[in-house]
Amino acid sequence: METTFSTFIPLYLILIPMLTGIVLYFLPESKMLIRKAVSITAALFSLAGVIWLLPYVLMGEVCCDLIEFMQFGLYLSIDVISWVFALLITMAYFLAVLFSFSYMDHEHNLRRYYSFLIFTLGALLGVVFAGDFFSLFIFFEIMTFSSFVLVIHKQDREALQAGSLYLYMAILGGLSLLFAILLLYGNTGHLDMIPALENLGTQRLAILVLFMIGFGIKAGLVPLHIWLPLAHPVAPSPASALLSGIMIKAGAYGILRVSLVLFRPAGEGSTADWIFIFNSGYILMWIGIVTMVAGALMALLQSNTKRILAYSSISQMGYIAAGFGVAVFMGLEGAMGFTGSLYHIANHAVFKAGLFSMIGVVYMLTHELDMSRLGGMAKKMPLVTVTFVIAALGIAGMPGFNGFASKTLIHDAMLESYKHFDLYGIFIAERFFFITSALTICYFLKLFQGVFLGPVPEKLDRDYKLPISAGFITVVFAALVLVVGIFPNLLLERLLVPGAQLLGFSDYSIAGLYGFGYFEWYPLRKTLLVTLLALFIYLPASARGWFDWTPPPRLCIQRLIIQPIPQLVLSFFLRETSINDMALGQFYEHSANENKHSDYYSSDVDEAPELAHDEAAQSAYYMIGKGLDRDRQMREQLRSFFWWDQQQWNIKNLNFDNLLLAIVLGVVLFIVFSYGS
Amino acid sequence: MGEATAITVILFVIFFPIIMTPVLMSVSARSEKLRNILAVITSAVTFLAVISLYSMVVRGDILQHTFFELLPNLEISIRLDVLSFSLAVIASFIWFLCTVYSIDYMAEEHGGSRYYPVLMFTLGSCLGIFLAGDFFTLFVFFELMSLISYILVVHEETEQALKAGYKYLVMTIIGGLALFFGIIITFEIGGTVSLGVGSIIDEGTLLGLLAFVCFLIGFGMKAGMFPLHVWLPDAHPVAPSPASALLSGVMLKTGAYGMFRVVFNAFSVEVLQTTNWDIVLGVLAVITILLGSAVALTQNDLKRRLAYSSVGQMGYVLLGLSVLNDNAITGAMFHIFSHAIMKSCLFLAAGAIIWKTGKRSISELGGIGREMPYTMACFSIAALAMIGIPPLNGFLSKWTLGLGALDANATVYVLVLLISSLLNALYYLPIIVPAFFEMVGENEHGPALRFNVRDAKPLMLIPMVILAIFTVIFGLSPINFPFDLSQMTMDFLLHGGNL
């Protein structure tokens, strides 16, 4: 098992897409055919390379040590877990590049688009291939910047605003990550991804929190998610598919490596260590629960199709975080939570990239994203409708589709931990899980009804010709959803269980995963209940138009916290420093003037001190006045400095729940608690 | 290389540009073209001569040569060690690139016949500072450079330039006086001011503290340290852009170099750490970093923003110097290199943009990236390096400084570095992002052009491109010449003794 293969293949897999990306940038705009051929070849090359690595990865670890690079050495290593991520990335990339061929034909600036698309592939592979946190951080930052260009591809005002929020939050996350890595290095003297909880000393809480902020921003965990519903929908659809399907997984990957690898005791671990682990896992699980509920609720209230999908991504990341949380606090028994989450990462990549592509196809043909102006597409695009239904059933977790495989595992892991610890909090968390699954069905019903059912609007009543490549990729996505869903144990036993073995879970907890009973009465009954609850919520709510209700802007988290607090801090900080700076300059000037005056009146020595006093008082007076002026100027500058302006709070772009929603949630909860089990 | 040859080379390096000054002056009356070529050749030859000293430095040799004594023990001498060499090589390199850049830039400006001779004279005196063998010689060249560069500052002869120049002159003279006072005290305590005797002041008396404060004022003034930075944001932006690049990229470093010499030669690590005077430096560095970065954010003038950014970045160097351990000194040294490369690249690119468009205000520069792609690409790479994005060189220096701060258990310093990085991002990204991505309207041929300018001429572009490539190479590449030099310097200063 523990064989190590030393080879440069991982480096090539990273470098070739990156270099191809750079070369593509210098290819003239007109050579479209060559551009497409080169891009798809690069994507295929990566896919083939990753698949070629599989036998080696199953036997052990593939690593590549670049001692001299960046002076501190880059280290790449691929184990089964990294490989699963790499496979997802390259597969989704292949399909997304294929989709771009038809989707992007009418867009501008394709040179930039393809070049950054392929470049980002290299950076993404770098993130998952990284063998230590230093390398991971480097590729993570490169990925942030190159994907920024994809986000703002449209270059209109909306895209630039979303992009700048994304960029600044990503930089904040990157710095928090850097701080965590520096502290880690300061405490342990290495940056390897190995269990090191004992060596982290008293700063371990700080390190954990900083890591979680850094990766959580990328993964879209509440309350760090605010950039996501803005940034994902504005990108071109293939890029949205990659952003939502793949790139947020880079954050999940980081959370996995930190919480399940780094924050584990290298030896037996003392009781205090295990208590720390339990608490961190428990909190992570609750963050996941909050994220999944909030994401699902917000998805319900949107009318923009891509925005629903973006909120849905947040919600699904909540499932993943919750699964990891369970795996963390279960300690050595957490194999089920871990495999559930890893499985869900894979499944989410497939169905979310698929859904974005399908909605992208609809947008490509109709140029319409708003559900109120869409409808009846089932008659116009039967193929897309069928694949959409399959992918939606996948995300809703219906038996026979892939989401079921992973959601059941996460759910069972939660139940198992409830039995293990008998904590009422876990029971409540499990209830929330249940409700969120129902809400997921609700918002997909809403989406499906809005786009595919109902009368066709007059403006869109024409014949649509589906490009072959677009049709092909939607079918591939749907087929993947079905294959995994029908044979859920295959992927689990071949790939995910070896991954769990790497993390040192106990044999007992791993043994439970072999031949896991998916198609037994218990999980099926749960699904049935979830579906009933979903219908119970959906039918009356949609009949009365509750989902069209818009929360008042006052309660928006962005307006309440994310915008004013940094603004206040920054304006205070800037005001103080610039007033100090000005005052200092004036102090020098005035003292120089006084000297000059003293010189003029040196014959009249008596007068000089008096004059100097006058001068000093005047200058103080002047300085205060100037300071106030400056203060006003600063406020005005700051207002223009932040790109989002306050007047344009459109009700549709709000992104957080509010008090009334909490009350609605409470009522539903009450029903479920008294009705379910 | 023998010692005699080395002495000759050092003398050549210092005096060749100075001798060329009158030559350039007389030539410029006849042919501007010849003058430009001669200026480029002068800086190129100087750079090559500095490089030729490498073989001696890499062996770890130290050259300390006294020519004569003015007074007993007050000598005129030269010195070559790895610290001097590092500074000299980066200074002459940037100088060469800026001279090349000047040819096209100054072609449409007035006063070229004054500009080039002064540029060369400043190069000679700047190298004189780095290669001086004692504080007195250093002081002489320091004053020479400061006073001569006044002419570069006021080159535009506008009212604003004259005012900024006056401020610069007054502050420089005050700084020079403080420095001179510091040297006198050092001479009084130790009986010598030579850099070749190691720690001159070896106990922390009150007089020693006075000397430290005087040095701090003198060199800190030049390095733009709070609260003595006020001249810098006025003086740097008004100069012609290649001169701004040199002022910010190289001449600021003379202050940092002086602080290195004060810490390691006038005093010693032990003295500073037992007396806790290094904390004074640390606190000032922290204030400098935060103030420089924050005030830069409020500036709307492109070059002024860059100048304030220099204040903040010099704070990094001083911070590393105050922490005084292996990683911190390596980081500080490497940041001298990094900052010289990044900031000159930024100033050169900004100069090209201002020269082409006539716009200095950042809010007016949206869309410039489409019209001057190469210039703006260089600017962006250097700015990203400034923010500290891996794998560029700015990240490497920040990382090393951060490790140094953590080795000294000063987590708060790391926090300061990161806050400053965030502020850097906040003031550089609003330049870059609109430059490339802001749409200024469309016409039938695609995006509309706002300025209708073409990219800068090759002679202006090449220096920028070289610098931009260096920011990447010196971050990523396994063969990292500046980093090796920084490590050698650190090794020499902290572990190799001072002799």
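Which hand, left or right, does the crossing of helix 14 of chain A and helix 16 of chain A have? In this predicted model, the crossing of these two helices is right-handed. The axes of helix 14 (residues 382-396) of chain A and helix 16 of chain A come within 9 Å and cross at roughly 170°, and because angles over 145 degrees count as roughly antiparallel, helix 14 and helix 16 of chain A are roughly antiparallel to each other. On the side of helix 14 of chain A, the contact draws on Thr385(A), Phe388(A), Ala392(A), Ile395(A) and Ala396(A), which meet Thr440(A), Ile441(A), Phe444(A), Phe448(A) and Phe452(A) of helix 16 of chain A. Sorted by class, the residues of this contact are eight nonpolar and two polar, with no charged residue.

Helix 16 (residues 424-452) of chain A also packs with helix 15 (residues 402-421) of chain A, at an angle of about 160° and with the axes 9 Å apart. That angle makes helix 15 of chain A roughly antiparallel to helix 16 of chain A, and helix 15 passes helix 16 in a left-handed crossing. Among the residues that make the contact are His411(A), Met414(A) and Tyr418(A) of helix 15 of chain A, together with Phe427(A), Glu430(A) and Phe433(A) of helix 16 of chain A. By class, this contact has eight nonpolar, three polar and two charged residues.

Between the chains, the contact takes 30 residues from chain B and 33 residues from chain A. Helix 12 (277-297), helix 17 (393-407), helix 18 (411-437) and helix 19 (458-476) of chain B each supply at least two residues of the side of chain B that touches chain A, and the largest share of that side, eight residues, comes from helix 18 of chain B. The side of chain B that touches chain A divides into 25 nonpolar, five polar and no charged residues.

Conventions. Residues numbered from 1 in each chain as written. Chains lettered and ligands numbered in written order. Predicted model: local features only at pLDDT ≥ 70, side-chain atom pairs only at ≥ 80, totals over all residues. Axes fitted to C-alpha atoms, helices over the stretch in contact; angles between N-to-C directions. Helix = DSSP H or I, 4+ residues; strand = E, 2+ residues; numbered from the N terminus. Parallel < 35°, antiparallel > 145°, perpendicular 65-115°, else oblique. Left-handed = near helix turned anticlockwise from the far one by under 90°. Contact = placed C-beta atoms within 7 Å. Nonpolar A, V, L, I, M, F, W, Y, C, P; charged D, E, K, R; others polar.
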